[in-house]
Amino acid sequence: MTPENTAASGREKTWEPAIYNQFSSQREEPFWDLANLLEPAEGARLADLGCGDGRLTAALHSYLRAGNTLGIDSAPGMLAGTAAFANQSVEFARGDIAEWSAPGSFDIIFANASLQWVADHPRVISSLKESLAPGGQLAIQVPSNADHVIYRLASQLGSEWFGDNSPVDTVALNVKKPEEYSELLESLGFARHHVRLVVYGHRLSSASQTVDWVKGTTLNRFKAILDDAEYENFLQEYHRRVIKELDDQSPYFFTFKRILMWARLP
Ligand SMILES: C[S@@+](CC[C@H](N)C(=O)[O-])C[C@H]1O[C@@H](n2cnc3c(N)ncnc32)[C@H](O)[C@@H]1O
């Protein structure tokens with residue numbers, strides 16, 4: 001298996017709502033910042049790609065007064081929770097953003113914190129544009145934090161542990177510079193668009209809490225290919241390095257860069 005394939009299959013095995021939602025209030029802030037970039041579209045056909053457990057999809061549906069909403073996710077563990085949020089106007093289905101296509105079918109395509117797992121953003125964003133109806137809006141948020149010390153330490157430890165077979169940090173691999181997204185949106189013919197780099201500052205009780213944070217996301221790629229005992233060892237060594245590097249600060253101010261983009265078709 002190549003590192004990329006390993007990362008892809010691992011994602012599906014390891015996305016767990018209980019761990020991911022541990023920092024739900026901090027993770028929700030960019031979700032609502034992204035939602036607030038949308039222009040009013042009452043009755044819209046909304047697609048939420050990488051919808052997770054569906055809680056925020058349903059909340060977004062109500063907030064926008066959308067007509068019909070479809071949430072798509074590739075992880076069975078996440079989709080298992082969506083039944084609680086499904087109703088006549090909010091549906092969920094298993095699907096892969098990389099392959100998903102519904103030509104001309106949606107007024108809003110929304111993807112919060114999911115596209116970083118998908119390769120070739122120019123191809124995928126171009127395909128998402130084709131799934132918009134005339135006047136449709138695209139809203140995407142991706143992390144841009146691979147250069148932060150806690151992510152660098154995870155990649156370094158992965159290289160030491162797995163050598164050339166270390167699963168890659170998909171943010172480092174897939175996420176582009178803000179200006180590249182801006183150029184892409186322009187080249188795709190969107191009538192209006194903007195791209196913002198926002199730094200979210202999270203006040204954590206201690207530096208150790210960053211380990212809990214990444215356990216819900218970037219460390220999934222290692223968890224997927226280690227057995228429980230090996231993963232525990234990996235975690236302990238990672239934790240030790242984080243504490244050393246961050247001098248065990250308490251509280252700890254965790255800066256998190258994210259790219260938010262919005263675009264509207266003529
Ligand atoms: C960080 S969570 C974000 C969930 C939700 N959008 C939110 O804002 O809370 C990323 C989600 O994207 C999903 N995901 C990752 N890669 C995907 C893919 N290729 N196709 C569909 N969903 C994917 C994961 O299963 C996970 O539920």
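The following questions and answers concern a predicted model. Local features need pLDDT of at least 70 and side-chain atom pairs count only at pLDDT 80 or more, while totals for chains, interfaces and linings use all residues. Residues are numbered from 1 along each chain as its sequence is written, and side-chain values use heavy atoms, with hydrogens and water left out.

Reader: Which residues of helix H6 are buried, and what arc do they cover?

Author: Helices are DSSP runs of H or I with at least four residues, strands are runs of E with at least two, and both are numbered from the N terminus. Buried means under 20% relative accessible area, exposed over 50% and partly exposed in between, with a 1.4 Å probe and protein chains only. In H6 (residues 121–130) the buried residues are His 121, Val 124, Ile 125 and Leu 128. They lie on the same side of H6 because their arc, taken from the directions from the helix axis to the C-beta atoms, is only 95°.

Reader: How are the rings of Phe 31 and Phe 110 arranged?

Author: Rings of Phe, Tyr and Trp (its six-membered ring) pair if their centres lie within 6.5 Å; planes under 30 degrees apart count as stacked, over 60 as edge-to-face and the rest as tilted. The whole structure holds 14 such aromatic pairs. For Phe 31 and Phe 110 the centres are 5.0 Å apart and the planes stand at 65°, so the pair is edge-to-face.

Reader: How many residues apart are Phe 31 and Phe 110, and which elements hold them?

Author: Both Phe 31 and Phe 110 are buried. Phe 31 belongs to helix H3 (residues 24–35) and Phe 110 to strand S4, so the pair links distant parts of the chain, 79 residues apart.

Reader: Which charged residue sits over the ring of Phe 256?

Author: Phe 256 counts as buried, at 4% relative accessibility. A charge sits over a ring if NZ of Lys or CZ of Arg is within 6 Å of the ring centre and within 35 degrees of the ring normal. The charged end over Phe 256, 4.1 Å from the ring centre, is that of Arg 258.

Reader: What is the distance from the polar side-chain atom of Asp 73 to an oxygen atom of the ligand?

Author: A residue is near a molecule if one of its heavy atoms lies within 4 Å of it. Of the 19 residues around the ligand, those that come nearest include Asp 73 and Asp 96. An N or O atom in the side chain of Asp 96 is 2.9 Å from a nitrogen atom of the ligand. For Asp 73 and the ligand oxygen, the distance is 2.6 Å.

Note on methods:
Polar contact = N/O pair within 3.5 Å; in protein donor to acceptor, adjacent residues only side chain to side chain.
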